[in-house]
Amino acid sequence: MTLRYRLTFISVAFMTLGLLILGLTLYSAERAILLNGVRDDLVRATNQIQSQYAQAKKPLERYFSGTSISLLPVPNEDFEGSPISVAVFYPNGVRLAATPAFMGEGPSLDSTELASALEKNSVMSTKPSAYGRTMQVVSPLTFDNTVVGVLVASQSLRTVDRALDTLSLVFLIAGSLTIVLMYLGISQITKRGLRPIDMIANTAEQIVRAEDLSRRIAVANPHDELGRLATITNDLLARMEGLFNTQKRLTADVSHELRTPLAAMRGNLEVLRRGAMHNPELLSESLSDLEREVVRLNRLVNDLLFLAQTEAGVQMRSEPVELDTLILEVFRELRPLAEHVKLQIGSEDQATVIGDRDRLKQAMLNLAYNAIQHTPDDGTVTLSLERVGREVALRVQDTGEGIPADVLPHIFQRFYRADKSRVRKGGGAGIGLAIVKWITDAHRGTIEVRSNVGEGSMFTLWLPLAPATDRLLTSQLRDSPSQPLPVIRQ
Ligand SMILES: Nc1ncnc2c1ncn2[C@@H]1O[C@H](COP(=O)(O)OP(=O)(O)OP(=O)(O)O)[C@@H](O)[C@H]1O
Ligand SMILES: [Mg+2]
């Protein structure tokens with residue numbers, strides 16, 4: 001059963017129940033009013049006849065003599081045209097007199113009613129008769145405080161029953177019509193109300209079928225519940241589309257990145273197979289090419305692995321790291337790759353920070369590798385280490401192509417590459433600087449970039465010094481002039 005029919009069914013069921021309760025209450029109230037009216041009339045008639053007989057002070061036969069209505073002068077006058085019939089019985093249950101209405105059928109007086117009248121009690125009852133139900137009041141007639149007869153006042157309930165039957169019929173017809181109308185109305189309302197959900201489901205189905213995440217749901221009213229659901233679903237789709245596109249780009253980037261060094265390595269192996277083994281010059285060239293590609297591949301795989309780990313919440317070590325030895329290690333590792341540029345070490349203070357040595361080395365390598373890549377032949381790449389106040393500045397400076405000002409704010413984003421055409425030799429996946437930023441943040445440091453197109457770039461990693469070194473340094477530098485602080489930091 002669909003949601004629409006469930007909602008319609010439940011609403012109609014509740015309303016039908018409400019109608020039923022209302023109908024039953026009205027019916028019962030009307031029935032009580034009508035029956036009370038008849039009962040009051042009967043009691044009033046009985047009281048009247050009883051008191052008139054008591055005032056007359058005559059024996060029963062003389063007052064109610066004969067069997068005709070003429071023998072009941074007062075009651076007949078008073079009840080002429082009234083639906084009430086009256087009969088008088090001897091204490092032994094034999095009828096003495098009655099109004100004409102009783103003649104055909106005769107009032108019934110059963111033994112219990114008679115017994116209770118003889119004990120001076122009045123009894124009211126409803127009885128079936130040939131013409132429908134009858135209500136009657138049986139009461140004693142007393143003379144000198146002795147029960148000398150029994151008075152029965154009765155009235156047919158045909159009119160009351162007919163009125164109640166008509167009322168039931170009206171309720172039944174009107175109620176059925178109301179229920180049908182309610183069903184049609186509610187079913188339309190739920191259909192309209194649930195239309196946005198239908199649209200959401202249809203759009204979701206289309207997205208799944210066509211694998212097209214760019215589709216969106218039309219939002220009629222963004223402020224109601226369904227509008228909010230549609231807006232949130234659209235936001236979710238936009239987010240999924242973004243993630244999906246990033247993933248697609250990453251897969252394309254990664255496969256491209258892996259393919260380039262692998263193709264280069266295959267080329268070099270081919271050269272070796274064709275006879276370079278016997279040519280020392282060609283052999284050394286091919287081997288160093290191979291070595292370079294292996295290093296590049298290794299770096300890329302490490303970067304990707306690290307990126308995956310950061311997503312999963314990687315644990316950083318926290319130990320003293322001597323940055324001066326670290327910078328030397330980076331220098332030595334990169335020297336074979338920096339044949340076309342002059343790789344050098346500038347100032348090299350001694351400094352220790354608390355952190356993860358491998359990660360810090362990875363950050364330095366990424367920065368230096370970028371510098372080497374973006375510096376043309378005969379340019380210079382300088383690695384330096386300076387202590388400034390309570391911080392240490394790890395710097396990589398190049399005399400390369402520089403970074404345009406509009407590109408600068410984006411370079412730390414994941415997979416961002418200024419040159420998207422991938423034609424540039426040695427282009428990366430655009431994750432190196434994102435990793436540097438992540439590592440710097442994890443060490444509670446900051447990263448600063450200064451760059452001029454055509455002149456070169458300078459990346460500075462600012463890290464807090466290890467506490468012991470910090471104290472030593474503070475006492476040493478107390479009187480030394482302070483150095484200007486960097487302007488732009490990430
Ligand atoms: N020293 C630099 N000189 C000029 N441009 C740079 C320099 N360093 C980074 N960039 C620019 O910033 C972009 C992002 O650098 P990042 O290191 O994140 O990616 P990548 O070097 O392209 O790829 P990957 O490092 O993942 O191999 C680079 O594509 C490049 O355009
Ligand atoms: Mg890089």
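How many residues has α1, and how far does α1 reach from its first C-alpha to its last?

1. Basis. This is a predicted model, in which local features need pLDDT of at least 70 and side-chain atom pairs count only at pLDDT 80 or more, while totals for chains, interfaces and linings use all residues. Residues are numbered from 1 along each chain as its sequence is written, chains are lettered from A and ligands numbered from 1 in written order, and side-chain values use heavy atoms, with hydrogens and water left out.

2. Helix α1. The helix has 54 residues and reaches 79 Å from its first C-alpha to its last, close to the 80 Å expected at 1.5 Å a residue. The expected span is 1.5 Å times one less than the number of residues. Helices (H or I, at least four residues) and strands (E, at least two) are DSSP runs, numbered from the N terminus. Residues of α1 that are buried include V12, L35, L42 and Y53; buried means under 20% relative accessible area, exposed over 50%, partly exposed in between (1.4 Å probe, protein chains only). Just after α1, K57 takes a positive phi of about 50°.

3. Five-stranded sheet. An open sheet has the order β2-β1-β5-β4-β3, with antiparallel pairing; two strands pair if DSSP finds at least two bridges between them. Because β2 (95-98) and β3 (123-129) stand at the edges with a single partner strand each, one side of each is left without a neighbour in the sheet. Neighbouring strands are turned by 25° against each other on average, direction ignored. β4 (residues 132-143) and β5 (residues 146-156) pair over ten bridges, and S139 has L151 in β5 as its bridge partner. Helix α1 (residues 3-56) packs on this sheet, touching β1 (84-89), β3, β4 and β5, and its direction makes about 25° with that of β4. Contact means heavy atoms within 4.5 Å. Axes are lines fitted to C-alpha atoms, for helices over the stretch in contact, and angles run from 0 to 180 degrees between N-to-C directions.

4. Helix α10. Since 14 of the 17 residues are buried, α10 is largely enclosed by the rest of the structure.

5. Ligand 1. Of the 19 residues around ligand 1, N370, D398, G430, I431 and L433 come nearest; near means that a heavy atom of the residue lies within 4 Å. Oxygen atoms of the ligand lie 2.7 Å from a polar side-chain atom of N370, 2.9 Å from a backbone N or O atom of G430 and 3.1 Å from a backbone N or O atom of G432.

6. G400. This residue is in the loop between β10 (391-398) and α11 (432-442), and it is buried, with a relative accessible area of 3%. G400 and H374 are 26 residues apart in sequence but 5.5 Å apart in space, C-alpha to C-alpha. Beyond its neighbours within four places in sequence, G400 has contacts including T375, P376 and G454.

7. Strand β12. Eight of the nine residues of β12 (residues 456-464) are buried, so the strand is largely enclosed by the rest of the structure. Seven antiparallel bridges join β10 to β12, with A393 opposite W462. Seven bridges also join β11 (residues 446-452) to β12, R450 being paired with M458. In the hairpin of β11 and β12, G454 takes a positive phi near 85°.

Key. Polar contact = N/O pair within 3.5 Å; in protein donor to acceptor, adjacent residues only side chain to side chain.
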